[in-house]
Amino acid sequence: MVQKAKRLIERVQQEQITVLAKKEIIDGFLAYGISIEEVAQLLDLTIQQVRLASGQKSST
């Protein structure tokens, strides 16, 4: 039971790192001038996910 809990904690930590890394990549791409649509396509995300990660509000 303890080992399973440790594995779950490690997995959550790895996923958090992945999310932070994607946010940094998204911010970098946008700062470089790549459009939200292109960033979404490059990272296999939805446009909404890119907007959420970058803190941009929807234009609709």
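Leaving aside neighbours within four places in sequence, which residues is Leu 30 in contact with? The first legend gives the answer. The model shown in every view is predicted.

**View 1. Leu 30 and its contacts.** Leu 30 sits in helix H1. Beyond its neighbours within four places in sequence, Leu 30 is in contact with Ser 35, Ile 36, Val 39, Ser 54 and Gln 56. Is Leu 30 buried or exposed? Its relative accessible area is 19%; buried means under 20%, so Leu 30 counts as buried. Val 50 lies 20 residues from Leu 30 in sequence. In space, the two C-alpha atoms are 9.7 Å apart.

**View 2. The largest nonpolar core.** This core has 8 residues. They are Ile 26, Leu 30, Ile 34, Ile 36, Val 39, Ala 40, Leu 45 and Val 50. Two elements, H1 and H2, each give two or more residues to the core. H2 supplies the largest share, with 3 residues. Nonpolar side chains tend to be buried together in soluble globular proteins. Across the protein, buried residues make up 17% of the 60 residues.

**View 3. Helix H1 from end to end.** H1 covers residues 2-32, a run of 31 residues. How far apart are its end C-alpha atoms? They are 45 Å apart. Gly 33 follows H1. Its phi is positive, near 105 degrees.

**View 4. The buried side of H3.** Helix H3 covers residues 47-54. Which of its residues are buried? Val 50, Arg 51 and Ser 54 are. They cover an arc of only 100 degrees around the axis, so they lie on the same side of H3. An α-helix has 3.6 residues a turn, so residues three or four places apart point the same way. H1 and H2 are included in what covers the buried residues of H3.

**View 5. Asp 44 in the loop between H2 and H3.** Helix H2 spans 36-42, and helix H3 spans 47-54. Asp 44 is found in the loop between them. Most residues other than glycine have a negative phi. Asp 44 has a relative accessible area of 71%; exposed means over 50%, so Asp 44 counts as exposed.

**View 6. The whole chain, for orientation.** The protein has 3 helices and 0 strands. From the N terminus on, its elements run α-α-α. Its radius of gyration is 15 Å, well over the 10 Å that the globule rule gives for 60 residues, so the protein is more spread out than a compact globule. Along the principal axes, the C-alpha atoms fill a box of roughly 45 × 25 × 15 Å. Take the contacts with a separation of 6 or more: residues 24 or more positions apart account for 27% of them.

**View 7. Confidence along the chain.** The protein averages a pLDDT of 86. Of its residues, 95% score at least 70. Where is confidence lowest, and where is it highest? The lowest is in H1, at a mean of 86. The highest is in H2, at 94.

Note on methods
Residues numbered from 1 in each chain as written. Predicted model: local features only at pLDDT ≥ 70, side-chain atom pairs only at ≥ 80, totals over all residues. Heavy atoms only, no water. Helix = DSSP H or I, 4+ residues; strand = E, 2+ residues; numbered from the N terminus. Expected span 1.5 Å × (residues − 1). Buried < 20%, exposed > 50% of the residue type's maximum accessible area, 1.4 Å probe, protein only. pLDDT = per-residue confidence, 0-100. Core = buried A, V, L, I, M, F, W, Y, C linked by side-chain atoms within 4.5 Å. Arc of directions from axis to C-beta. Contact = heavy atoms within 4.5 Å. Rg over C-alpha atoms; globule rule 2.2 N^0.38 Å.
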